[in-house]
Amino acid sequence: METKKTGTTTVGIKVKEGVVLAADTQASLDHMVETLNIKKIVPITDRIAITTAGSVGDVQALARMLEAEARYYQFTWHKPMSTRAMANLLSNILNENKFFPYLVQIIIGGYVDEPTLANLDPLGGLVFDDYTATGSGSPFAIAVLEDGYREDMSIEEARELAVRAVRTAGKRDVYTGHRKVQVVVITKDGMKEEFVEFKE
């Protein structure tokens, strides 16, 4: 019998002050909760991070690739790669491998020259947006984001909305955890990570 990790909810929100990424921390193995403490938001640089939904090994390989490319870009051009440039690079990598695709859905967010948020599908489809969600719980999360998002919201309001979207998804999607939410906030001052825990 083949077993696999499956299910998650990740969200991203872009506002004037920066970008918020949030994800549940539960990993499931078929119908069993394998762990409640997995990190699904991976920093690529000190200003850019990606969320992970799909094959863990594929995401880890892509993260290593992006980190190497970002270092090379910094070394060559003496400035950091922008989030938009990294999103386009990732789109090209995914599209080049579409016949043997990376089984991933990725949100990339960062603040290098400006707040930037993008969603990528396994074949390299790239959409820049103000808010987005991926994973098995995304239909529930996107409804919360759609209802609560405002262009003029503060970074703290965006953080609270992101946490609420992931937690709501976790209450309806059996593969999404709702007891702990990983949150990464990226502003012009840098990146900050925290874990928000809820009691049953």
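Me: How many residues does helix 1 have, and how far does helix 1 reach from its first C-alpha to its last?

Reply: Keep in mind that this is a predicted model. Helix 1 covers residues 56-77, so to speak 22 residues, and reaches 31 Å, close to the 32 Å expected at 1.5 Å a residue. Just after helix 1, His 78 takes a positive phi of about 60°.

Me: Which residues of helix 1 are buried?

Reply: Here's the general idea: an α-helix has 3.6 residues a turn, so residues three or four places apart point the same way. In this helix, Asp 58, Val 59, Leu 62, Ala 63, Leu 66 and Ala 70 are buried. Seen down the axis of helix 1, the buried residues fall within an arc of 130°, so they line one face. The face turned away from that buried side carries exposed Arg 64, Arg 71, Tyr 72 and Phe 75.

Me: What covers the buried residues of helix 1?

Reply: The cover includes strand 5, strand 6, helix 2 and strand 7.

Me: Which residues touch the most other members in the largest nonpolar core?

Reply: In soluble globular proteins, nonpolar side chains tend to be buried together. Here the largest nonpolar core has 24 residues, and Val 11, Ile 13, Leu 145 and Val 183 touch the most other members. Helix 4 gives this core its largest share, eight residues. Apart from this core lies another, of 20 residues, including Ile 48 and Leu 66.

Me: How do strand 11 and strand 12 run, and how many bridges join them?

Reply: They run antiparallel, joined by eight bridges. Strand 11 and strand 12 form a hairpin with two residues between them, and Thr 187 stands opposite Gly 190 in strand 12.

How values were computed: Residues numbered from 1 in each chain as written. Predicted model: local features only at pLDDT ≥ 70, side-chain atom pairs only at ≥ 80, totals over all residues. Heavy atoms only, no water. Pairing = 2+ DSSP bridges. Helix = DSSP H or I, 4+ residues; strand = E, 2+ residues; numbered from the N terminus. Expected span 1.5 Å × (residues − 1). Buried < 20%, exposed > 50% of the residue type's maximum accessible area, 1.4 Å probe, protein only. Arc of directions from axis to C-beta. Contact = heavy atoms within 4.5 Å. Core = buried A, V, L, I, M, F, W, Y, C linked by side-chain atoms within 4.5 Å.
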